[in-house]
Amino acid sequence: MPLNVRYAGHGPAPLLLEPATLPAAIPSNVDTDRHLMERFRAGDREAFTALYRAHHPAIFRFAFHMTADRVKAAEITQDVFVWLIHHAAEFDPERGALPSFLAGVARKFVQRRLRSERRWLPFDAGAVFRFEAPAIDFAIALDAESLRRAIALLPIRYREAIVLCDLESQSYDEAAATLGCAVGTIRSRLHRGRELLARKFQPKKESRL
């Protein structure tokens with residue numbers, strides 16, 4: 001699925017809807033998603049609004065956990081649904097559920113953004129993206145913000161597994177479908193990701209005099 005949609009207007013691309021002002025996500029299931037996608041493909045704008053309201057929270061959470069940045073997460077969420085507007089035919093309900101499909105699209109936008117950020121970093125700043133050289137102090141108390149930043153510093157293959165299974169509560173099968181890999185791969189990456197996080201939050205040993 002090529003991610004080559006660009007906003008054609010002038011200035012920054014507007015958010016489809018402000019996340020903070022959106023109503024709560026409406027219930028969604030496979031049959032509802034299929035019906036709404038059929039209506040949207042037929043030109044029903046209200047069907048797209050319903051899809052957006054149902055699925056934008058999960059996409060935003062995924063992007064936020066992957067980037068640890070609300071602005072980036074909002075932009076990625078927008079990119080996903082703008083892409084869907086132009087590529088609705090790409091979704092095949094026989095190959096999987098819409099949440100997994102949209103998460104796969106979001107994953108590609110996250111990866112593209114990370115590649116772009118690495119490309120434009122000064123050479124000596126590249127270490128920020130290497131897990132071995134974190135930019136934060138992992139000895140501080142484990143709270144939501146420090147954990148979020150720690151996860152954002154994981155290599156992306158481990159980060160994806162942690163976000164999907166531990167933060168989004170996806171099953172191994174669901175995560176494997178989202179990432180397009182084997183269940184065994186998910187288990188391995190999740191185990192390794194948890195191990196890396198645990199190391200980072202271990203108390204530092206005091207040096208002996």
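Which residue takes a positive phi just after H7? In this predicted model, that residue is Gly180, with a phi of about 70°.

Helix H7 covers residues 172–179, and helix H8 covers residues 183–200. Two packed helices are described by the angle between their axes and the distance between the axes. For this pair, the axes come within 8 Å and cross at roughly 100°. Because angles of 65 to 115 degrees count as roughly perpendicular, H7 is roughly perpendicular to H8. On the H7 side, the contact is made by Tyr172, Asp173, Ala175, Ala176 and Leu179. H8 contributes Val183, Ile186, Arg187 and Leu190. By class, the residues of this contact divide into 7 nonpolar and 2 charged, with no polar residue.

Which residues of H7 are buried? They are Ala175, Ala176, Thr178 and Leu179. Viewed down the axis of H7, these buried residues fall within an arc of 160°, and they therefore line one face of the helix. Asp173 and Ala177, on the other side of H7, are exposed.

Let me now move to the loop between helix H6, residues 156–167, and H7, where Glu168 is found. Is Glu168 buried or exposed? Its relative accessible area is 16%; since buried means under 20%, Glu168 counts as buried. Leaving aside neighbours within four places in sequence, Glu168 is in contact with Ala58, Arg61, Phe62, His65 and Val163. With one of these, Arg61, the side chain of Glu168 forms a polar contact of 3.2 Å. As for His65, it stands 103 residues from Glu168 along the chain, and the two C-alpha atoms are separated by 9.5 Å.

Thr67 has a relative accessibility of 14% and so counts as buried, given the same cut-off of under 20%. What lies 2.8 Å from a polar atom of the Thr67 side chain? The backbone oxygen of Ala63 does. Again leaving aside neighbours within four places in sequence, Thr67 is in contact with Lys72, Ala73, Ile76 and Ala152.

To summarise, H7 crosses H8 at roughly 100°, and the buried residues of H7 line one face of that helix. Glu168, in the loop between H6 and H7, is buried and has a polar contact with Arg61. Thank you for your attention.

Note on methods: Residues numbered from 1 in each chain as written. Predicted model: local features only at pLDDT ≥ 70, side-chain atom pairs only at ≥ 80, totals over all residues. Heavy atoms only, no water. Axes fitted to C-alpha atoms, helices over the stretch in contact; angles between N-to-C directions. Helix = DSSP H or I, 4+ residues; strand = E, 2+ residues; numbered from the N terminus. Parallel < 35°, antiparallel > 145°, perpendicular 65-115°, else oblique. Contact = heavy atoms within 4.5 Å. Nonpolar A, V, L, I, M, F, W, Y, C, P; charged D, E, K, R; others polar. Buried < 20%, exposed > 50% of the residue type's maximum accessible area, 1.4 Å probe, protein only. Arc of directions from axis to C-beta. Polar contact = N/O pair within 3.5 Å; in protein donor to acceptor, adjacent residues only side chain to side chain.
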